[in-house]
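Here is a short report on helix packing and charge pairing. Please keep the structure open while reading.

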Amino acid sequence: MSHYRHHLFFCLNRREDGAACCSDHNAEGMFEYAKKTAKRLGLHGKGGDCRVNRAGCFDRCDKGPVLVVYPDAVWYTYVDEADIDEILESHLREGKVVERLKID
Ligand code: FES
């Protein structure tokens, strides 16, 4: 069995050459928000069984910003805090994939 029930990785890659990257879409801010919210929900941190972590480029920049939830290997994009709330509450807490934010 995996140490974490769910592991959520945010791409926080920044490109300085003007090419598309997740950091162009406030990925760092959304990552911080996700971590804080996951802690508030009891998912991340002491007593929680999920983890929210930083990651580098997943080579899916054209779909960005992107995050991925393992072990399910479900990829998401997001726009704002409401999208992050929905991913945390639906997928991480209830185990239901958020189809409207899912990317192939
Ligand atoms: S910059 Fe985020 S997937 Fe490449």
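## The E86–R100 pair

E86 is partly exposed, with 30% relative accessible area. This is a predicted model. E86 forms a salt bridge with R100, and the closest N and O atoms are 2.8 Å apart. E86 sits in helix 2, while R100 sits in the loop between helix 2 and strand 5 (102-103), so the bridge ties together parts 14 residues apart in sequence. R100 is exposed, at 54% relative accessible area.

## The network at R54

The structure holds six salt bridges. Shared partners join E28, E32 and R54 into one network.

E28 pairs with R54, with the closest N and O atoms 2.9 Å apart. E28 belongs to helix 1 and R54 to strand 2 (residues 50-55), so this pair links parts 26 residues apart in sequence. E32 also bridges to R54, at 3.3 Å between the closest N and O atoms. E32 lies in helix 1 and R54 in strand 2, so here the parts tied together are 22 residues apart in sequence.

Relative accessibility is 34% for E28, which counts as partly exposed. E32 is partly exposed at 37%. R54 is partly exposed at 47%.

## Helix 1 against helix 2

The axes of helix 1 (residues 27-40) and helix 2 (residues 81-94) come within 10 Å and cross at roughly 40 degrees. The two helices are therefore oblique to each other. Their crossing is right-handed.

On helix 1, the contact uses M30, Y33, A34, T37 and A38; on helix 2, it uses E81, I84, D85 and L88. These residues divide into six nonpolar, one polar and two charged.

Note on methods: Residues numbered from 1 in each chain as written. Predicted model: local features only at pLDDT ≥ 70, side-chain atom pairs only at ≥ 80, totals over all residues. Heavy atoms only, no water. Axes fitted to C-alpha atoms, helices over the stretch in contact; angles between N-to-C directions. Helix = DSSP H or I, 4+ residues; strand = E, 2+ residues; numbered from the N terminus. Parallel < 35°, antiparallel > 145°, perpendicular 65-115°, else oblique. Left-handed = near helix turned anticlockwise from the far one by under 90°. Contact = heavy atoms within 4.5 Å. Nonpolar A, V, L, I, M, F, W, Y, C, P; charged D, E, K, R; others polar. Salt bridge = Lys/Arg side-chain N within 4 Å of Asp/Glu carboxyl O. Buried < 20%, exposed > 50% of the residue type's maximum accessible area, 1.4 Å probe, protein only.
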